[in-house]
Number of protein chains: 2
Amino acid sequence: MDSNNSNEAPAQTLRLRWIGIDTYRENVAYLHRDCALYRAEGFQALAKVEVRGNGQRILASLNVVDDSSIVEGDQLGLSEDAFAQLGLQEGFAVSVSQAEPASSIPALHRKIAGERLTRDDFRRIVQDIAEHRYSKIELTAFVVACNQGELDREEVFYLSDAMSRVGRRLDWQEHPVVDKHCIGGIPGNRTSMLVVPIVAAHGMLCPKTSSRAITSPAGTADTMEVLANVELPFDDLNALVRTHRGCLAWGGTSDLSPADDVLIAVERPLSIDSPGQMVASILSKKVAAGSTHLLLDIPVGPHAKVRSMPEARRLRKLFEYVAGCMGLVIEVVVTDGRQPIGRGIGPVLEARDVMRVLQNHPEAPMDLRQKSLRLAGRMLEFDPDVRGGDGFAIARDILDSGRALEKMQAIIQAQGGKPFDPENPPLAPHSFDVLAPEDGVVLGIDNLKLARIARVAGAPKAAGAGVDMLARIGDTVSAGQPLYRVYAAYRSEQNFARQASERHSGFTLGGAEQLQTLNVEF
Amino acid sequence: MDSNNSNEAPAQTLRLRWIGIDTYRENVAYLHRDCALYRAEGFQALAKVEVRGNGQRILASLNVVDDSSIVEGDQLGLSEDAFAQLGLQEGFAVSVSQAEPASSIPALHRKIAGERLTRDDFRRIVQDIAEHRYSKIELTAFVVACNQGELDREEVFYLSDAMSRVGRRLDWQEHPVVDKHCIGGIPGNRTSMLVVPIVAAHGMLCPKTSSRAITSPAGTADTMEVLANVELPFDDLNALVRTHRGCLAWGGTSDLSPADDVLIAVERPLSIDSPGQMVASILSKKVAAGSTHLLLDIPVGPHAKVRSMPEARRLRKLFEYVAGCMGLVIEVVVTDGRQPIGRGIGPVLEARDVMRVLQNHPEAPMDLRQKSLRLAGRMLEFDPDVRGGDGFAIARDILDSGRALEKMQAIIQAQGGKPFDPENPPLAPHSFDVLAPEDGVVLGIDNLKLARIARVAGAPKAAGAGVDMLARIGDTVSAGQPLYRVYAAYRSEQNFARQASERHSGFTLGGAEQLQTLNVEF
C-alpha cells in the first residue's frame with residue numbers, strides 16, 4: 001500500500017511524424033511497442049485514440065510498430081490522411097489518449113438487434129460518423145444493419161435529415177435553386193454536362209456538384225476534368241456560380257454531408273446500395289448544397305441499378321416522401337437504362353460526345369442529346385414562368401441556338417479551361433476492335449460488362465482510355481463488323497481488356513423478332 | 001491500332017520486405033505508389049491481393065506507400081502477421097496479383113439481404129473466412145447480418161458444422177473424450193483448473209484447451225500461465241494429454257476451427273455475442289478438438305452475459321439442438337452468476353485461489369470449491385460406470401484426498417512448471433482498498449465494473465494486478481470496512497483504477513430485507 005505522489009507517469013507528449021502510408025479514408029496512428037505512453041495506457045490493438053496538438057484534435061485507429069525506423073519510442077506516427085487532417089508539422093508535440101467511445105454506440109447496437117431508431121438516435125450516430133468516431137467495423141455494422149433490417153420511410157427521413165445537418169450547409173438566398181441527379185449505373189450518361197449549361201443559360205441557378213467515378217469508368221467530375229479544373233476552392237466556386245448561374249465541379253472538397261463520404265468507404269467495397277441509403281446519400285447532399293428543386297433520373301434496364309418498373313416505382317415513392325419531409329421539391333423521371341448513353345465510355349470519349357452535342361455536330365450522339373433535352377426541359381419547368389409542357393422546346397432552342405455551348409465555354413473558362421479539340425481527342429494509344437461473331441440484330445448490351453472493360457483498359461485513371469460504342473440495341477450487324485473499339489493506356493491493360501472482352505463482349509445478338517421494348521415514362 | 005508483341009509489361013516479381021507494423025489479425029501488404037506492378041494492375045485502394053513466393057500463398061489488403069524508406073518501388077512489404085504467415089525471408093522474390101474475389105460473396109450478399117442460407121453456403125463462407133479471403137468489412141457484414149437476422153437453429157447447425165470442418169480435426173481414438181466450457185462473463189470463475197485435474201485423476205480423457213482473456217481480466221490460459229507454460233507445440237500437447245489424461249493449455253495455436261479466430265477479430269470490437277454465434281464458436285471448437293461429451297456452464301445474473309432464466313433456457317435449448325445434430329453429448333447447467341466466483345480477479349490472484357482449493361487450505365474460497373465439485377461431478381457422470389447422482393461425492397473424494405492436487409502438479413510439471421507459492425503470490429506493488437461508504441448488507445456486485453477495475457489496474461497483461469474481493473453478496477459490512485483491494489503494476493494504473501472505483505465501486509449496499517435470491521438449477 002502506498003501513497004499517491006508521483007512523477008512516475010510517462011511523458012505526456014510525443015513528437016509527430018508523417019508516415020507515408022495511404023490507409024484510404026481510415027485514420028491510422030502508429031506507436032512503437034516500447035513507447036512509454038502505449039505501455040502505460042494499456043491501449044488495445046486497433047483501439048481508437050484521440051490525438052491532440054495545438055488545439056487540433058483527430059481520432060485514429062492504433063497500429064503498434066516494432067521497427068524504430070518507422071516510428072521511435074517518443075514519436076507518434078500518422079498515416080497520410082490523418083496527418084493532413086491534424087494539420088501540424090512533423091516534430092510538433094502531440095498527446096494521445098484513449099478516445100471516448102462514441103456515445104451513439106448503444107443506438108448502433110439497438111439497430112444491429114433490429115430495432116427501429118428515433119430521430120435523435122440517427123442524429124447522434126451521424127454526428128459520430130462525421131467526426132470519424134466510428135471504426136471501419138462499426139461503420140460496416142451500421143451500414144449492414146440498416147440495409148438488412150430495411151429502414152422504414154420515417155427512418156430514411158431521419159437519416160437523410162441528420163446527414164444534411166452535419167457539415168457545411170449552403171444558402172444561396174434565392175429561389176429556385178435547381179439540381180439534377182442520376183442514381184447511376186449507366187456508362188456514358190453525361191447528361192449533367194448538357195443540362196447544366198442549358199438551365200444556366202435560361203438563368204436558373206444550378207450549382208451542380210458532381211462525383212468522381214467510384215466503380216464506373218468515369219464520373220461527371222472525371223469527364224469535366226478533361227475540359228477544366230474541377231477542384232476549386234469553395235469561395236471561388238461560390239463566386240463562379242453567382243456569375244455564371246452554374247458550375248460543373250467536384251463535390252468532394254466542399255464538406256457537404258461529410259458523413260456520406262465516410263459511409264461510402266464501406267458501402268463501396270460491399271457494393272451495398274440499398275434504397276434507404278441511396279435516398280439518404282443523394283438527398284442529404286442536395287439539401288446541404290442549398291437546392292430547393294431536384295430532378296432525379298432513375299434508369300431502368302436489365303443491367304441497370306433498377307431492373308424493373310415496380311422497383312423503380314417503389315424507389316420513386318421513397319424519394320418523393322423523404323424529399324417532401326425535407327422541404328425539397330422533387331421530380332422523378334424513369335428513363336431507358338438498357339444500354340450506355342452516348343458513344344464514348346471513359347473521360348475523354350465522353351467529353352468528346354458532350355462537346356459534339358453542344359456544337360450541334362453531325363456526329364453528335366442523338367440519344368445523349370434527346371435525353372439531355374428532356375431532362376433540361378423538365379428542370380426548366382421548375383421556373384414558375386415556364387408553362388407545363390413548354391420546357392422541352394425551350395431547352396432545344398437554347399441548345400440549337402448555340403447559347404448552351406456559349407454558357408458551357410464560359411463555365412469551362414471560369415473553371416480554368418484546358419485545351420481540348422473534340423475532333424482530335426487525346427485518346428489512349430493502344431486500341432483494338434471487338435467484332436460481331438455472326439450476323440444478327442443487337443438484342444442487349446450489358447452495361448456492367450462494358451463498364452468493366454473500360455475500367456480494365458485504364459479509365460478513369462487514364463483519361464483517354466475507354467470504350468467507343470459502334471453499335472446500339474436494334475442495330476443490324478454482320479459478322480466481323482466492329483461492335484466497339486477499346487482504347488488502353490498501356491500494353492498490359494490492352495491485354496487485360498482484350499481478355500475481358502473475349503470472355504464476354506457484353507453484346508447479345510439474335511433475330512429481330514426477339515427484340516423487346518421497354519415502356520418507360522418518356 | 002497496333003499488334004501485340006511486348007516486353008513492355010512490368011517486372012513480375014518484387015523483393016519481400018518485413019514491415020514492423022502489427023495490424024492485428026489483418027494481413028496488410030505495402031506497395032509503393034510508383035511500383036510498376038501497382039500502376040499496371042490498377043489495384044484499388046484496400047484491394048485484396050494475393051502474394052506468392054516459393055510455393056507459398058497468402059492474401060492481404062493493400063496499403064499504398066509514398067515513402068521509399070518504408071518500401072521501395074521494387075519491394076513488397078508485409079505487416080508482421082502477414083510476413084510470418086508467408087514464411088519467407090526478406091529479399092525473397094515474390095509476385096503479387098489481384099486476388100480472385102471470394103466465391104462465397106454472393107451468398108454473403110443474400111445474407112445481408114436477410115435470406116436464409118443453405119448448408120453449402122455456410123461451408124463456402126466459412127472456408128473463405130478461414131483462408132482470409134474476407135476483408136474486415138466483409139467479415140463484419142457477415143457477423144452483423146447473422147446477428148440481426150437471427151439465424152434459425154438449422155442455420156446455426158450449418159455454421160457450427162462448417163466451422164468444425166475447416167482446419168485441423170482431432171481424433172483421440174477413445175470414448176468418452178470430455179470437456180467443459182463456460183460461456184463466460186463471471187470474473188474469477190476458474191473452475192476449469194479444478195475440474196480438469198479431478199476428472200483426469202478419475203481417468204477420463206479431458207484435453208481442455210483454454211482461451212486468453214479477450215475483454216476480461218484473466219482467461220484460464222492467462223491464469224495457468226502463472227503456474228506453467230501454456231503455449232505448447234501441438235505434438236507435445238498431444239503426448240502430454242495421453243500420459244496425464246488432461247492438460248490446461250492455450251487453444252490458439254492448434255488451428256482448431258480457425259474461422260472462429262478470424263470472426264472474433266470483428267465480434268470483439270463490436271461486443272457482438274449473439275446466441276447463434278456463441279453456439280457455433282463453442283461447439284465448433286469442441287467438436288474439432290475431438291470431444292464427445294461437453295458440460296456447459298451458463299451463469300445467470302443481472303450483470304452476467306445471460307440475465308434471466310427464460311433467456312438461459314432458450315440458449316440451453318439451442319446448444320442442445322445443435323450439439324445433437326453434431327453428434328456431441330451435452331449437459332447444460334445454469335449457475336449463479338450474480339457475483340464473481342472465488343476471491344481473486346486477475347491471473348496471480350486466481351492462481352492463488354485455485355491452488356488453495358487443491359491444497360484444501362483453510363482460506364480456500366468455498367464458492368469456487370463447491371461450484372467446481374458440482375461441475376466435476378456432472379462430468380464424472382459421463383462415465384458409463386458412474387451411477388447418476390454419485391458424481392459429486394466421487395469428485396469431492398478426489399479433491400479431499402489430494403489426488404486432484406497430485407494430478408494438477410503432474411500437469412503443471414509436464415507443461416514446464418514455474419515456481420509459485422500461493423502463500424506468497426507475486427502481486428503487483430501498488431495497492432489500495434475500496435471501503436464501504438456506510439453500514440449495510442451487500443445486495444449486489446457488478447461483475448462488469450469489477451472486471452473493468454481489474455483491467456484498468458493492469459490485468460491480465462500485468463499478471464499480479466487485479467482485485468481481491470473481501471466481501472460477498474449477503475455479507476453485513478460496516479462503514480469503512482474494505483470491500484476489496486486493488487493491485488496495480490504502475491502508479492498511473494493505480495490512479496486510473498482508483499478513479500474507476502470512485503466513479504462506481506461495483507457494490508450495492510442496503511438493508512437485509514432487500515436481499516433477493518436466485519433460483520438456478522443448482
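Predicted model: local features only at pLDDT ≥ 70, side-chain atom pairs only at ≥ 80, totals over all residues.
B:Cys206 counts as buried because its relative accessibility is 1%. A:Cys206 is buried, with a relative accessible area of 1%.

The largest nonpolar core has 116 residues, and the members that touch the most others are A:Leu283, A:Phe319, B:Leu283 and B:Phe319. In soluble globular proteins, nonpolar side chains tend to be buried together. Which residues does A:Phe319 contact, leaving aside its neighbours within four places in sequence? A:Phe319 is in contact with A:Leu283 itself, and also with A:Ile183, A:Met278, A:Val279, A:Ile282, A:Leu296, A:Ile330 and A:Val332.

Aromatic rings come next. A search of the whole structure finds six aromatic pairs over all chains.

| Pair | Centre to centre | Angle between planes | Class |
|---|---|---|---|
| A:Phe157 and A:Tyr158 | 5.9 Å | 45° | tilted |
| B:Phe122 and B:Tyr158 | 6.4 Å | 50° | tilted |

B:Phe122 belongs to helix H4 (residues 119-130) of chain B and B:Tyr158 to helix H6 (residues 153-165) of chain B, so their pairing ties together parts that are 36 residues apart in sequence. Both B:Phe122 and B:Tyr158 are buried. In chain A, A:Phe157 and A:Tyr158 are buried as well. A:Phe122, A:Phe157 and A:Tyr158 form one aromatic cluster.

Rings also take part in contacts with charges. B:Arg153 lies over the face of B:Tyr321, at 3.9 Å from the ring centre. In chain A, the charged end of A:Arg498 sits over the ring of A:Phe432, 4.8 Å from the centre of that ring.

Helix H8 (residues 220-227) of chain B is mostly covered, with seven of its eight residues buried. Those buried residues are B:Thr220, B:Ala221, B:Asp222, B:Thr223, B:Met224, B:Val226 and B:Leu227. Which elements cover the buried residues of H8(B)? Among them are helix H7 (192-202), helix H13 (347-358) and helix H16 (403-414) of chain B, together with strand S9 (206-210) and strand S10 (246-250) of that chain.

Strand S1 (residues 14-18) of chain B pairs with two other strands of chain B, S7 and S6. With strand S7 (residues 93-98), S1(B) runs antiparallel and is joined by two bridges. B:Leu14 has B:Val94 as its bridge partner in S7(B). With strand S6 (residues 75-78), S1(B) pairs in the parallel sense over four bridges. There, B:Arg15 stands opposite B:Gln75 of S6(B).

Further along chain B, is B:Gln516 buried or exposed? B:Gln516 counts as exposed because its relative accessibility is 64%, the cut-off for exposed being over 50%. B:Gln516 is found in the segment after strand S19 (507-510) of chain B. The C-alpha atoms of B:Gln516 and B:Gln494 are separated by 33 Å, and the two residues are 22 residues apart along the chain.

Notes. Residues numbered from 1 in each chain as written. Chains lettered and ligands numbered in written order. Heavy atoms only, no water. Buried < 20%, exposed > 50% of the residue type's maximum accessible area, 1.4 Å probe, protein only. Core = buried A, V, L, I, M, F, W, Y, C linked by side-chain atoms within 4.5 Å. Contact = heavy atoms within 4.5 Å. Phe/Tyr/Trp six-rings, centres within 6.5 Å; stacked < 30°, edge-to-face > 60°. Lys NZ or Arg CZ within 6 Å of the ring centre and 35° of its normal. Pairing = 2+ DSSP bridges.
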